[in-house]
Amino acid sequence: MSDSQCIPNDLDDDSLPRWYVIQCKGGETFRAAENLDNQGFELFHPVLEVQKKRRGKLLWLSEPLFPHYLFIRLDRLASNWRPIRSTRGVLKIVTFGDRPLPVDDALIETLRQHGSEGEDTGANVYFRAGETVEITEGPFKDLQAVFASHKGEERAIVLLNLLHRQQRLEMPVAHLRPQR
C-alpha cells in the first residue's frame, strides 16, 4: 500500500494552498498580522469587539478570538515560508512533529461566518453594582434594570421593578448593555 492510499483526504496535497496556524509572541498578534500582511501573505485573524473598563471608562476594544494565534494561507511548494519566522510578533508556525499541519478550510469558513454575525453581542461587558442597564434579549427586552452583581463570567443578577416591587433576576451578561 502506498503512502497516498493511506491518506483519506487532501490534507497532504502540496499543490493546494492551505491554512496554517501561526503562534505569536504574547500580546503581539496584531503586530504579527500587520507585518505579515505588509509582506503580502493572506491572513485570517479573527477578533472580537469587547467592552472593557480602562481608567474608569467603558471602551470598545478589539481582542483576538484566539490569543497568541492567527491563520495564514500558504502553498507548501510555491510560498516562501522563510520570512515568516523572522517577522516581528511571530513566534513560530505550529507543527506536529517537524511538519506544519494544515487547518481544514471548513473551520476557517465557519469562523468567518460566525465572526460577522455576532459582533455586537455585548459579551465581556463589565458593570458596576447600582448601574442602570438595558435588557436586550428575552421576555424583558427593552426594559431598564439595576445591575446588582456578576454571577460567574457569563451570568448576572439584576433588579427589575415588576408589580411595584424590585425583583431579583438572573440572566446572561450578554443580554445586558449600558443604558444609553
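Biologist: Which residue of β5 does Leu43 stand opposite?

Modeller: In this predicted model, Leu43 stands opposite Ile72 of β5.

Biologist: What makes β2 and β5 a pair?

Modeller: The two strands share 3 bridges and run in the antiparallel sense.

Biologist: What makes β5 mostly covered?

Modeller: Of its 7 residues, 5 are buried; a residue counts as buried under 20% relative accessible area.

Biologist: How do you know which residues line one face of α2?

Modeller: Thr29, Ala32, Ala33 and Leu36 of α2 are buried. Viewed down the axis of α2, the buried residues fall within an arc of 100 degrees, so they line one face. Glu34 and Asn38 are exposed on the other side of α2. Gly40 follows the helix, with a positive phi near 95 degrees.

Biologist: Why is Arg76 called neither buried nor exposed?

Modeller: The relative accessible area of Arg76 is 27%. Buried requires under 20% and exposed over 50%, so Arg76 is classed as partly exposed. Arg76 is found in the loop between β5 and α3 (82–85). Its C-alpha atom is separated by 7.7 Å from that of Leu16, although the two residues are 60 residues apart along the chain.

Biologist: How many aromatic pairs does the structure hold?

Modeller: There are 3 aromatic pairs in the structure.

Biologist: What makes the pair of Tyr20 and Trp81 edge-to-face?

Modeller: The centres of Tyr20 and Trp81 are 5.1 Å apart and their planes stand at 65 degrees. Tyr20 belongs to strand β1 and Trp81 to the loop between β5 and α3, so the pair ties together parts that are 61 residues apart in sequence. Both Tyr20 and Trp81 are buried.

Biologist: Why is the pair of Phe44 and Phe71 called stacked?

Modeller: Their centres lie 6.0 Å apart, with 25 degrees between the planes. Since planes under 30 degrees apart count as stacked, the name applies to Phe44 and Phe71. This pair links distant parts of the chain, with Phe44 in strand β2 and Phe71 in strand β5, 27 residues apart. Phe44 and Phe71 are both buried. Together with Phe66, they form one aromatic cluster.

Biologist: What is the strand order in the open sheet of 5 strands?

Modeller: This sheet has the order β12-β11-β10-β9-β13, and its pairing is antiparallel. The edge strands β12 (165–172) and β13 (176–178) each pair on one side only. Neighbouring strands of this sheet are turned by 45 degrees on average, direction ignored.

Biologist: How do you know that β10 and β11 are joined?

Modeller: Strand β10, residues 144–151, and strand β11, residues 155–162, run antiparallel and share 5 bridges. Because pairing needs at least two bridges, β10 and β11 qualify. His150 stands opposite Ala156 in β11.

Biologist: Where does pLDDT stay under 50?

Modeller: One such stretch is residues 1–10, with 4 contacts beyond four places in sequence. Another is residues 117–124, with 10 such contacts. The mean pLDDT of the protein chain is 81, and 83% of its residues reach 70 or more.

Definitions and conventions. Residues are numbered from 1 along each chain as its sequence is written. This is a predicted model: local features need pLDDT of at least 70, side-chain atom pairs count only at pLDDT 80 or more; totals for chains, interfaces and linings use all residues. Side-chain values use heavy atoms; hydrogens and water are left out. Helices (H or I, at least four residues) and strands (E, at least two) are DSSP runs, numbered from the N terminus. Buried means under 20% relative accessible area, exposed over 50%, partly exposed in between (1.4 Å probe, protein chains only). The arc is that of the directions from the helix axis to the C-beta atoms. Axes are lines fitted to C-alpha atoms, for helices over the stretch in contact, and angles run from 0 to 180 degrees between N-to-C directions. pLDDT is the predictor's confidence in each residue, from 0 to 100. Contact means heavy atoms within 4.5 Å. Rings of Phe, Tyr and Trp (its six-membered ring) pair if their centres lie within 6.5 Å; planes under 30 degrees apart count as stacked, over 60 as edge-to-face and the rest as tilted.
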